[in-house]
Amino acid sequence: MSQTDDIQLIERLRAPDPGEREAAFVQLVDRYSQRIYWTVRKIVVSHHDADDVVQNVFLKVWSSAASFRGESGLFTWLYRIAVNESLSLIRSRRSSLFASLDDGSGFARIVGSEGLFDGDAIEKALARAVGRLPAKQRAVFTLRYWDEMPYEQMSAVLDTSVGALKASYHHAAAKVEQWVRRDVSGADFSSLTDDVEDAAAGSGDGSGVK
């Protein structure tokens with residue numbers, strides 16, 4: 001959808017007519033819920049948790065649409081809320097599910113039981129490896145690798161400099177490659193390492209989201 005369409009949608013969400021606001025909200029959910037869901041799902045892992053996060057995202061959008069100033073695009077604003085809600089959930093669950101992610105066991109269990117990744121062994125090994133990353137770094141990896149989001153847009157979503165994001169992705173991808181190589185011998189990492197080399201070349205200040 002074009003930026004003009006999004007601007008019109010936001011204007012309708014602010015309309016004085018309750019019926020117009022509700023119709024615009026339904027359209028917003030229909031337009032973005034699946035994209036938001038799959039991004040959130042790859043960060044929080046569980047389908048149940050992802051559903052909860054997505055509901056919270058759109059509740060926040062509904063309650064704060066009137067205060068949205070449009071300094072960033074609607075898509076960027078939605079993703080910022082989604083990532084923040086995902087990270088908040090992970091922080092609140094560190095004592096249970098996410099405490100086991102250090103060794104990948106919790107993530108591996110959900111990958112196997114919920115069908116998050118139904119691909120080949122390498123794809124599932126990649127999913128397990130990403131689950132071992134720290135929460136913020138997992139979000140960086142998800143937005144860059146799976147969503148193929150430009151660094152400039154990631155910077156707006158995560159409120160982090162482009163240089164720091166490139167460095168963070170470089171560190172994350174190096175860890176993921178190492179872990180997957182241990183998991184699956186002979187894995188092909190050409191698409192991953194190409195992006196890592198680009199990130200390393202342009203990481204700027206070298207600081208990362210770790």
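The protein has 10 helices and 0 strands; helices (H or I, at least four residues) and strands (E, at least two) are DSSP runs, numbered from the N terminus. This is a predicted model, where local features need pLDDT of at least 70, side-chain atom pairs count only at pLDDT 80 or more, and totals for chains, interfaces and linings use all residues. Residues are numbered from 1 along each chain as its sequence is written, and side-chain values use heavy atoms, with hydrogens and water left out.

User: How do I read the angle between helix 1 and helix 4?

Analyst: Axes are lines fitted to C-alpha atoms, for helices over the stretch in contact, and angles run from 0 to 180 degrees between N-to-C directions. Here, helix 1 (residues 3-13) meets helix 4 (residues 74-92) at about 65 degrees, with axes 9 Å apart. The two are therefore roughly perpendicular (65 to 115 degrees).

User: Which residues make that contact?

Analyst: Contact means heavy atoms within 4.5 Å. Helix 1 brings Asp-6, Leu-9 and Ile-10, while helix 4 brings Leu-74, Phe-75 and Trp-77.

User: At what angle does helix 2 pack on helix 4?

Analyst: Helix 2 (residues 18-44) packs on helix 4 at about 35 degrees, and their axes are 10 Å apart. Among the residues in this contact are Leu-28 and Tyr-32 of helix 2, plus Leu-78 and Tyr-79 of helix 4.

User: And how much of the protein is buried?

Analyst: Buried means under 20% relative accessible area (1.4 Å probe, protein chains only). Of the 210 residues in this protein, 48% are buried.

Technical notes:
Parallel < 35°, antiparallel > 145°, perpendicular 65-115°, else oblique. Buried < 20%, exposed > 50% of the residue type's maximum accessible area, 1.4 Å probe, protein only.
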